[in-house]
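Please have a look at it first, and then I will take you through it.

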Amino acid sequence: MLAELFAVMAPVLAGAGLGYAWVRLGHPYPVDFITRLVFNIGTPALVLASLSGANIDAGTFGHVMLATALVILTMGAASFLVARLLGYHWRVVIAPMMYPNTGNMGLPVVLYAFGSAGFAYGITVMVTVSLFQFTLGAVLDAKGNPLKTLAKTPTVYAIVIAMALLLTDTPLPPWLANTVDLMSGFTVPLMLITLGVSLASIQVKSLRSGVGFSLIRIPLAAVTAWFIAAWLGLPPLAQSILVVQMCMPVAVFNYLFAQRAQREPAYVASLVFCSTLLALIYLPLLLALLM
């Protein structure tokens with residue numbers, strides 16, 4: 001079991017460690033360009049490549065999206081109580097509570113822990129979290145029209161196409177399947193390297209606050225995801241992946257959004273940094289229970 005867990009975590013550590021070391025050694029890394037590349041090309045290709053060829057029916061796909069949405073909303077509702085316990089405004093806490101790092105860290109862990117069969121479920125969870133960030137997140141930040149933001153998001157169109165293929169049981173043409181498979185290949189490695197780069201760029205002022213938040217959020221997310229998945233009758237594999245994905249550390253994007261809105265960015269930075277470091281401890285334990 002230890003060898004299996006190490007095999008899962010080693011690529012994650014290697015990818016993030018490479019990004020961290022790259023920046024610490026003084027090499028330039030175009031974070032903005034890489035983020036746009038992954039977001040606009042890599043992720044849509046990954047969605048199409050994973051979902052179009054996955055052994056998952058449209059009904060299960062919809063149930064996983066619904067379960068993820070319910071977990072996100074439950075975590076959002078719990079944010080008001082957690083904010084009072086920690087002594088911060090709910091607007092500071094709600095995004096880190098609702099949006100875990102299901103992309104940069106979640107997808108690689110799911111891929112190496114559960115294989116291609118589980119990867120489709122991991123993609124579904126990641127896509128749902130992203131959709132909430134672009135809609136509800138935009139509303140809470142009071143910046144821009146969420147519908148306009150969605151219309152400019154290539155991943156949304158990839159989801160629509162993938163859903164149509166699932167509903168009609170239609171495979172992608174070979175030329176297109178080969179193309180999106182090739183384009184999706186750079187996505188996961190770049191996600192991991194960018195995670196390491198982001199961690200190296202974050203300045204943390206309070207480790208204690210980050211650890212305290214994580215000790216509240218992680219058990220709450222695990223229990224919430226488990227019970228909602230059981231209530232909706234998700235397959236065991238989908239249930240395990242929902243729990244793992246929703247227990248991922250706080251997404252780096254939360255820090256960027258907090259910095260843009262000037263809502264305690266230093267505090268949110270500590271949440272991202274500490275929860276990511278703690279993930280190296282609790283994720284192997286969680287995977288040992290679910291794999």
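Predicted model: local features only at pLDDT ≥ 70, side-chain atom pairs only at ≥ 80, totals over all residues.

Residues are numbered from 1 along each chain as its sequence is written, and side-chain values use heavy atoms, with hydrogens and water left out.

So, what is the protein built from? There are 13 helices and zero strands, where helices (H or I, at least four residues) and strands (E, at least two) are DSSP runs, numbered from the N terminus. Of the 291 residues in the protein, 52% are buried; buried means under 20% relative accessible area, exposed means over 50%, and partly exposed is in between, with a 1.4 Å probe and protein chains only. If we take the contacts between residues at least 6 apart in sequence, 83% of them join residues at least 24 apart, a contact being heavy atoms within 4.5 Å.

Helix H7 covers residues 154–168, and because its 15 residues at 1.5 Å a residue should span 21 Å, the 22 Å between its end C-alpha atoms agrees with expectation; the expected span is 1.5 Å times one less than the number of residues. Within H7, the buried residues are Thr155, Val156, Ala158, Ile159, Ala162, Leu165 and Leu166. H7 is followed by Asp169, which has a positive phi, near 55°. Helix H10, residues 207–232, has 26 residues and reaches 37 Å from its first C-alpha to its last, close to the 38 Å expected, and just after H10 comes Gly233, again with a positive phi, of about 70°.

Now to the inside of the protein. Which residues touch the most other members of the largest nonpolar core? In that core of 59 residues, they are Leu242 and Leu283; a nonpolar core is a set of buried Ala, Val, Leu, Ile, Met, Phe, Trp, Tyr and Cys residues joined through side-chain atoms within 4.5 Å. The elements giving two or more residues to this core include helix H1 (2–24), helix H3 (58–86), H5 and helix H11 (236–246), and H13 gives the most, with eleven residues. Leaving out residues up to four places away in sequence, Leu242 touches Ala67, Thr68, Val71, Val125, Ala225, Ala229 and Leu234. Apart from this core lies another, of 28 residues, among them Leu46, Leu51, Met126 and Met191.

Met191 lies in helix H9 and counts as buried because its relative accessible area is 5%. Beyond residues up to four places away in sequence, Met191 touches Val38, Thr43, Gly103, Asn104 and Leu107, and although Met191 and Gly42 are 149 residues apart in sequence, their C-alpha atoms are 9.7 Å apart in space.

Helix H5, residues 106–141, holds Thr128, and Thr128 counts as buried because its relative accessibility is 3%. Setting aside neighbours within four places in sequence, Thr128 is in contact with Met65, Thr68, Ala69 and Ile72. Ala120 also lies in H5 and is counted as buried, since its relative accessibility is 2%.

Is Ile216, in contrast to these, buried or partly exposed? Ile216, in helix H10, is partly exposed because its relative accessible area is 28%. Ile216 touches Val82 and Leu86, again not counting residues up to four places away, and the C-alpha atoms of Ile216 and Val82, which are 134 residues apart along the chain, are separated by 7.9 Å.

Finally, the surface. The protein exposes about 13,300 Å², with carbon and sulfur atoms supplying 69% of it; accessible areas come from the Shrake-Rupley method with a 1.4 Å probe, and for residues only the protein chains shown count as cover. Leu13, Leu277, Leu280, Ile281 and Leu285 make a nonpolar patch of about 470 Å². Patches are made of residues with over 30% relative accessible area and no salt bridge, with like charges joined within 9 Å and nonpolar side chains (Val, Leu, Ile, Met, Phe, Trp, Tyr) within 5 Å; a salt bridge is a side-chain nitrogen of Lys or Arg within 4 Å of a carboxyl oxygen of Asp or Glu. Helix H13, residues 265–290, supplies the largest share of the patch, four residues. Leu280 lies in H13 and counts as partly exposed because its relative accessibility is 36%.
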